[in-house]
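Here is a friendly walk through one protein model, written for someone who likes to know the cut-offs behind each term. Have the viewer open while you read.

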Amino acid sequence: MHARMSYRPGREETSMNVPDPSNLQSYKVELIDQAKRGGALVSGVADASAFHMAPEGHRPTDLLPGAKAVFVVGGAQPRAADWRSPKAEHMETTSTSDRISALALKLAHHVERKFGYYALLNPPGVDRGQQPFMSIALAAELAGCGTRSLAGPVLNEEYGFMYYSALITTLPLPIDGPAQTAVCPAPEC
């Protein structure tokens with residue numbers, strides 16, 4: 001187990017310990033395996049520096065200085081009955097999305113404890129001004145987990161609509177990048 005560095009303002013180091021960089025692909029494979037075992041249907045890695053279109057203050061490097069990658073997990077789709085309910089609020093309160101956020105938090109702990117790099121769960125909810133801390137939809141797109149639909153949500157090619165969560169890390173994981181083909185069948189997409 002790696003010892004945790006104490007926080008010191010101005011410190012430029014981006015990891016707590018520096019594991020062998022030749023193992024970065026194996027770290028990614030291990031995270032994907034952990035994500036699948038935890039219930040994720042999809043996962044991908046976005047380059048933390050690729051969020052240039054996000055507003056200032058809401059980019060991965062704004063939330064975690066020195067961030068190199070954003071590991072995105074998707075799953076916890078609503079059940080058929082969730083869609084059938086005449087109360088739209090039901091889908092918002094069934095804690096379906098909480099399952100995928102809890103998984104991302106576990107993965108963040110795994111990155112810090114096992115690999116020795118900082119990892120921060122992108123918090124669900126909103127920051128001041130009712131803005132998300134970081135756009136999960138943008139993260140899912142940049143990680144290749146899906147593309148935006150005409151209605152706005154990111155759709156996965158195989159699974160359609162699902163909830164996403166992300167962890168921001170200083171671990172320089174190999175990047176997947178955005179999907180090359182739009183998932184939404186509408187020409188406007």
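This is a predicted model: local features need pLDDT of at least 70, side-chain atom pairs count only at pLDDT 80 or more; totals for chains, interfaces and linings use all residues.

Residues are numbered from 1 along each chain as its sequence is written, and side-chain values use heavy atoms, with hydrogens and water left out. The protein chain has 6 helices and 7 strands; both are DSSP runs numbered from the N terminus, with helices being H or I of at least four residues and strands being E of at least two.

**The chain as a whole**

- Along the sequence, the elements of the protein chain follow the pattern α-β-α-β-α-α-α-β-α-β-β-β-β.
- Of the 189 residues of the protein chain, 41% count as buried; buried means under 20% relative accessible area, exposed means over 50%, and partly exposed is in between (1.4 Å probe, protein chains only).
- The accessible surface of the protein chain is about 10,500 Å², and carbon and sulfur atoms hold 54% of that area. Such areas come from the Shrake-Rupley method with a 1.4 Å probe, and for residues only the protein chains shown count as cover.
- Among contacts in the protein chain with a separation of 6 or more, 73% are between residues 24 or more positions apart; a contact means heavy atoms within 4.5 Å.

**The four-stranded sheet**

- An open sheet of 4 strands has the order β1-β2-β7-β3, with antiparallel pairing; two strands pair if DSSP finds at least two bridges between them.
- At the edges are β1 (40-47) and β3 (119-121), each of which pairs on one side only.
- From one strand to the next, the twist averages 25°; the axes are lines fitted to C-alpha atoms, for helices over the stretch in contact, and angles run from 0 to 180 degrees between N-to-C directions.
- Strand β2 (residues 69-75) runs antiparallel to β7 and is joined to β7 by 7 bridges. Within this pairing, Val 72 has Ala 166 of β7 as its bridge partner.
- Strand β7 (residues 163-169) is also antiparallel to β3, with 3 bridges between them. Leu 120 stands opposite Ile 168 in β7, and Leu 121 stands opposite Leu 167.
- How many of the residues of β7 are buried? The count is 7 of 7.

**The three-stranded sheet**

- A further open sheet is made of 3 antiparallel strands in the order β4-β5-β6.
- β4 (147-148) and β6 are at the edges with a single partner strand each, so one side of each has no neighbour in the sheet.
- Strand β5 (residues 154-156) and β6 run antiparallel and are joined by 2 bridges.
- Leu 155 has Phe 161 in β6 as its bridge partner.
- Phe 161 lies in strand β6 (residues 160-161) and counts as partly exposed, at 27% relative accessibility.

**Helix α1 and Lys 28**

- Helix α1 (residues 24-37) has 14 residues and reaches 20 Å from its first C-alpha to its last, close to the expected 20 Å; that expected span is 1.5 Å times one less than the number of residues.
- Leu 24, Tyr 27, Lys 28, Leu 31 and Ala 35 are the buried residues of α1. Seen down the axis of α1, they fall within an arc of 100°, so they line one face of the helix; the arc is that of the directions from the helix axis to the C-beta atoms.
- The face of α1 turned away from its buried side carries the exposed residues Lys 36 and Arg 37.
- After α1 comes Gly 39, with a positive phi near 110°.
- Lys 28, placed in helix α1, is buried with a relative accessible area of 7%.
- Leaving out residues up to four places away in sequence, Lys 28 touches Val 45, Leu 173, Pro 174, Ile 175 and Asp 176.
- Lys 28 and Gly 44 are 16 residues apart along the chain, and their C-alpha atoms are separated by 9.2 Å.
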